[in-house]
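Keep the viewer open as you read.

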Amino acid sequence: MSVLIVIPARYASVRYPGKALVPLHGATGQAKSLIQRSWDAAQAVNGVDRVVIATDDARIRTEAEGFGAEVVMTSSTCRNGTERCAEALDALGGGYDIVVNLQGDAPLTPHWFVEDLIAALTNHPTAEVATPVLRCDGRALAGFLEDRRAGRVGATTAVFGAEGKALFFSKEVIPYTTGNKWGDHDPTPVFHHVGVYAYRPSALAAYARWAPGPLEQLEGLEQLRFLERERPVQCVEVDARGQQFWELNNPEDVTRIEGILNELGMD
């Protein structure tokens with residue numbers, strides 16, 4: 001199975017403009033941009049044939065080429081990362097069995113998360129889209145709830161059926177847990193949706209032809225387009241192996257991510 005990783009990145013983020021170029025300091029004090037740290041995360045994944053950054057912004061292109069990344073320029077009309085991945089695949093001429101969307105705001109994505117997705121599509125020939133979910137411990141859930149109380153839109157949560165088929169994704173914390181208490185390291189019934197997708201090229205091409213539905217527009221979550229078209233999304237539960245995971249959604253997340261980089265000893 002030939003595998004392409006696309007890292008979609010735009011400058012005009014609604015919640016945090018320019019975040020792709022925000023410097024993040026590691027354990028040694030070294031600063032690398034968010035897009036470079038996302039590139040580093042992609043490079044660590046085993047079994048991948050090619051990694052590209054897809055953007056419509058010259059500033060991101062300059063930064064990415066400066067650290068040696070391959071860049072594919074895409075149009076400014078792409079409404080989300082999935083559409084940008086579809087356009088990048090077309091620009092490259094196709095030729096891949098699996099396309100992974102490793103979003104440019106998730107530099108802490110462990111390589112085994114992506115490897116598990118690739119394995120899920122490889123081992124299930126009828127599956128078209130796969131995405132990882134991570135069971136929250138009490139510490140992570142407390143962070144999600146703190147963000148919502150403060151009016152910040154933070155992490156996305158997922159609910160799914162017994163066979164792993166997604167039922168819904170939301171920027172609210174679902175299912176409802178208020179009144180329940182868990183210790184920092186206790187497992188909770190809330191699953192963090194990790195912003196990574198693996199697609200069959202046919203599913204990616206179909207997605208690009210569909211108009212956004214009302215749920216996608218209300219939540220601002222691209223994966224809901226598949227569910228609104230009644231196309232299954234396979235949730236793959238992954239194991240963090242004790243590693244904290246966080247995406248950069250708001251300026252406040254910079255400190256959180258830098259703290260985790262320090263905990264992990266990452267330069």
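This is a predicted model: local features need pLDDT of at least 70, side-chain atom pairs count only at pLDDT 80 or more; totals for chains, interfaces and linings use all residues.

Residues are numbered from 1 along each chain as its sequence is written, and side-chain values use heavy atoms, with hydrogens and water left out.

Helices (H or I, at least four residues) and strands (E, at least two) are DSSP runs, numbered from the N terminus. Helix H9 takes in residues 253–264, and its 12 residues reach 16 Å from first C-alpha to last, close to the 16 Å expected at 1.5 Å a residue; the expected span is 1.5 Å times one less than the number of residues. Which residues of H9 are buried? They are Asp-253, Val-254, Ile-257, Glu-258, Ile-260 and Leu-261. These residues cover an arc of only 160° around the axis, which puts them on the same side of H9; the arc is that of the directions from the helix axis to the C-beta atoms. Their cover includes strand S2 (23–25) and helix H1 (34–43). After H9 comes Gly-265, with a positive phi near 70°.

Helix H5 (residues 138–149) also has 12 residues, and its end C-alpha atoms are 16 Å apart, in agreement with the 16 Å it should span at 1.5 Å a residue. Its buried residues are Gly-138, Ala-140, Leu-141, Gly-143, Phe-144 and Asp-147. They pack against S7, strand S8 (156–160), S10 and H9, with contact meaning heavy atoms within 4.5 Å. Gly-151, which follows H5, has a positive phi near 80°.

On a 1 Å grid over the protein atoms alone, a cavity is a set of points where a 1.4 Å probe fits but cannot get out, and a pocket is an open set with protein on both sides within 12 Å along at least five of seven lines; lining residues have an atom within 4 Å of a point. Volumes are the space filled by probe spheres set on the points, which are joined across faces, edges and corners.

| Space | Volume |
|---|---|
| Largest pocket | about 920 Å³ |
| Second largest pocket | about 330 Å³ |
| Largest cavity | about 30 Å³ |

Of the 34 residues that line the largest pocket, the closest to its centre are Arg-10, Arg-15, Gln-103, Gly-220 and Glu-222. Strand S1 (3–9), helix H3 (81–92) and helix H7 (214–219) each supply at least two lining residues there.

The second largest pocket is lined by 18 residues, and Leu-134, Arg-135, Cys-136, Asp-137 and Ala-240 are the closest to its centre. Strand S7 (129–137) gives the most to this lining, with four residues.

How many cavities of 30 Å³ or more does a search of the whole structure find? It finds one. Phe-144, Asp-147 and Arg-148 are among the residues that line the largest cavity.

Finally, Arg-229 sits in the loop between helix H8 (224–228) and strand S12 (234–237). With a relative accessible area of 43%, Arg-229 is partly exposed. Leaving aside neighbours within four places in sequence, Arg-229 is in contact with Trp-210 and Ala-211.

Methods:
Buried means under 20% relative accessible area, exposed over 50%, partly exposed in between (1.4 Å probe, protein chains only).
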